[in-house]
Amino acid sequence: MTHTTLGPRHAAPTTPRSPRIGKWIGERILDLLALGGVICIIAVVAAFAFNISLIMFKTGSMSPTIPTGSLALVREIQASQAEVGDVLTIDRPGQLPVTHRVVSTAHVGGGEYSIEMKGDANDNKDPAPYQVTQARVVIYSVPELGYLVSKVSDPRVMAGMTIAMTLLVTWSFWPRKRKT
């Protein structure tokens, strides 16, 4: 009976070491941040391609449909596309925009429309109709999200997030010693 031993070249394969849990968590965090970056890029492209923007509701004139602190997605339209029942944002020269529900529309001429509006929480229509050629129609709104966006927009929070992201990116690309 011959007995043979295998040399180091033919040694049985060893099971690979499982990665450290910290490394795995770090990689998943980077994956999520990368996904967030892709979503942001898609959102910016969509915003330009479809004339979409965000507005925050600072008053309760559209409550309970759209309460104070809501964030809404709006799309720019021609005034001729406005219909009774739409919630429109109309820019006013020298004043803040107004976002209320359309009560009536009338063609004035030259692409301009006279639009009467009323806030859902208001008893009366707005004092005077708005003469516009374009407006922004509310597509979707999320209650309370405006508060979060407002807090995140604070310069101190933005600075903290910038520093945190810088540290995370630096950490992820920092050269590591290879184990032999």
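Predicted model: local features only at pLDDT ≥ 70, side-chain atom pairs only at ≥ 80, totals over all residues.
Biologist: How many salt bridges does the count come to?
Modeller: A pair is counted when a side-chain nitrogen of Lys or Arg lies within 4 Å of a carboxyl oxygen of Asp or Glu. By this rule the count is six.

Biologist: Which residues are linked with Arg-28 in a network of salt bridges?
Modeller: Arg-28 and Asp-31 meet through their side chains at 3.0 Å, N to O. They sit three residues apart in helix α1, so about one helical turn separates them. The network that holds Arg-28 also includes Glu-27 and Asp-31.

Biologist: Is Arg-136 buried or exposed?
Modeller: Arg-136 forms a salt bridge with Asp-91, with the closest N and O atoms 2.6 Å apart. This pair links distant parts of the chain, as Arg-136 is in strand β7 and Asp-91 is in the loop between β3 and β4, 45 residues apart. Asp-91 has a relative accessibility of 51% and counts as exposed. For Arg-136 the relative accessibility is 15%, and because buried means under 20%, Arg-136 counts as buried.

Biologist: Where is the Arg-101 that pairs with Asp-120?
Modeller: The side chains of Asp-120 and Arg-101 meet in a salt bridge at 2.8 Å, N to O. Asp-120 lies in the loop between β5 and β6, 19 residues from its partner. Arg-101 is partly exposed, with a relative accessible area of 24%. The place of Arg-101 is strand β4.

Biologist: Which helix gives the largest share of the nonpolar patch?
Modeller: The patch covers about 570 Å² and is made by Ile-21, Trp-24, Ile-25, Ile-29, Leu-33 and Met-165. Ile-21 is exposed, with a relative accessible area of 62%, and lies in helix α1. Five residues of the patch, its largest share, come from helix α1.

Biologist: Which strand gives the most to the lining of the second largest pocket?
Modeller: The volume of this pocket is about 390 Å³. Of its 13 lining residues, those closest to the centre are Met-56, Lys-58, Thr-59, Leu-96 and Pro-97. Both β1 and β4 supply at least two residues of the lining. With three residues, the strand that gives the most is β4.

Key: Residues numbered from 1 in each chain as written. Heavy atoms only, no water. Patch = residues over 30% accessible without salt bridge, like charges linked within 9 Å, V, L, I, M, F, W, Y side chains within 5 Å. Areas by Shrake-Rupley, 256 points an atom, 1.4 Å probe, with all protein chains shown as cover. Helix = DSSP H or I, 4+ residues; strand = E, 2+ residues; numbered from the N terminus. Buried < 20%, exposed > 50% of the residue type's maximum accessible area, 1.4 Å probe, protein only. 1 Å grid on protein atoms, 1.4 Å probe; cavity = no way out; pocket = protein on both sides within 12 Å on 5 of 7 lines; lining within 4 Å. Points joined across faces, edges and corners; volume = space filled by probe spheres on them.
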